[in-house]
Amino acid sequence: MKIRYFWKNTEVYAFDETQNDLITDDMVELTSDELDRHLHPLKYLSDEEHEAHRLAIMPTLSRRQFKLMLHNSSLLKQVEEVVAVTDDEVLRIEYQDSNQFHRDNPSILKMIGMLSLDLATVDKLWVQASNI
């Protein structure tokens with residue numbers, strides 16, 4: 001059974017051949033490229049967009065998970081020393097007062113850079129910490 005896809009305003013509708021009577025004049029059939037972009041949007045992201053998406057879907061860590069991750073990887077003391085001497089007040093507040101930590105948070109990204117940590121290692125630790 002063939003499915004046809006149509007735009008109407010910002011919505012996409014799918015109809016099989018038994019539903020042609022539901023297709024209205026204000027609907028525009030998607031081209032094959034538009035359909036592919038709709039069904040597989042990740043294929044069309046830039047490298048930067050892929051990285052932002054990858055970080056955004058990483059699990060959120062509780063304060064407990066985050067600090068145990070740092071402790072278990074022998075980074076807790078180093079992170080706390082960096083936080084204590086940084087001029088970045090936002091980073092300090094976020095580290096000291098956050099109840100949740102997001103992998104794509106700018107302060108987390110800055111801290112990773114300040115400590116010259118390997119991103120793949122951080123990702124691995126992050127996922128492990130989400131299971132603590």
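Me: Of the 20 residues in the largest nonpolar core, which ones touch the most other members?
Reply: This is a predicted model, in which local features need pLDDT of at least 70, side-chain atom pairs count only at pLDDT 80 or more, and totals for chains, interfaces and linings use all residues. Residues are numbered from 1 along each chain as its sequence is written, and side-chain values use heavy atoms, with hydrogens and water left out. A nonpolar core is a set of buried Ala, Val, Leu, Ile, Met, Phe, Trp, Tyr and Cys residues joined through side-chain atoms within 4.5 Å, where buried means under 20% relative accessible area, exposed means over 50%, and partly exposed lies in between (1.4 Å probe, protein chains only). Of the 20 residues in the largest such core, those that touch the most other members are Phe 66, Met 69, Val 79 and Trp 126.

Me: Which element gives the largest share of this core?
Reply: Helices (H or I, at least four residues) and strands (E, at least two) are DSSP runs, numbered from the N terminus. Two or more residues of the core come from each of α3 (63–72), α4, α5, α6 and α7 (119–129). The largest share, 4 residues, is given by α7.

Me: Leaving aside neighbours within four places in sequence, which residues is Met 69 in contact with?
Reply: Contact here means heavy atoms within 4.5 Å, and Met 69 is among the core residues that touch the most other members. Once its neighbours within four places in sequence are set aside, the residues in contact with Met 69 are Leu 61, Leu 125, Trp 126, Ala 129 and Ile 132.

Me: Within what arc do the buried residues of α6 fall, seen down its axis?
Reply: The buried residues of α6 are Ser 107, Ile 108, Met 111 and Ile 112, and they pack against α3, α4, α5, β5 (100–101) and α7. The arc is that of the directions from the helix axis to the C-beta atoms. Because these buried residues line one face of the helix, they are all found, seen down the axis of α6, within an arc of 140°.

Me: In what order do the 3 strands of the open sheet stand?
Reply: Two strands pair if DSSP finds at least two bridges between them; β1 and β2 pair in the antiparallel sense over 6 bridges, while 2 bridges join β1 to β3, again antiparallel. Phe 6 stands opposite Tyr 13 in β2 and opposite Glu 29 in β3. Since β2 and β3 each have a single partner strand, one side of each is left without a neighbour in the sheet. The order is β2-β1-β3.

Me: Which residue in the turn of the hairpin formed by β1 and β2 has a positive phi?
Reply: The hairpin of β1 and β2 has 2 residues between its strands. In that turn, a positive phi of about 60° belongs to Asn 9.

Me: How many residues apart in sequence are the parts that Glu 29 and Arg 4 tie together?
Reply: A salt bridge is a side-chain nitrogen of Lys or Arg within 4 Å of a carboxyl oxygen of Asp or Glu, and Glu 29 forms one with Arg 4, the closest N and O atoms being 3.0 Å apart. Both residues count as partly exposed, Glu 29 at 36% relative accessibility and Arg 4 at 27%. Because Glu 29 lies in strand β3 (residues 28–29) and Arg 4 in strand β1 (residues 3–8), the separation in sequence of the parts they tie together is 25 residues.

Me: Is Asp 88 buried or exposed?
Reply: Asp 88, in the loop between α4 and α5, meets Lys 110 in a salt bridge (2.8 Å, N to O). Lys 110 lies in helix α6 (residues 106–114), so the pair ties together parts that are 22 residues apart in sequence. A polar atom of the side chain of Asp 88 also lies 3.0 Å from the backbone nitrogen of Leu 91. With a relative accessible area of 18%, Asp 88 is buried.

Note on methods:
A polar contact is a pair of N or O atoms within 3.5 Å; within protein, one must be able to donate a hydrogen and the other to accept it, and residues adjacent in sequence count only if both atoms are side-chain atoms.
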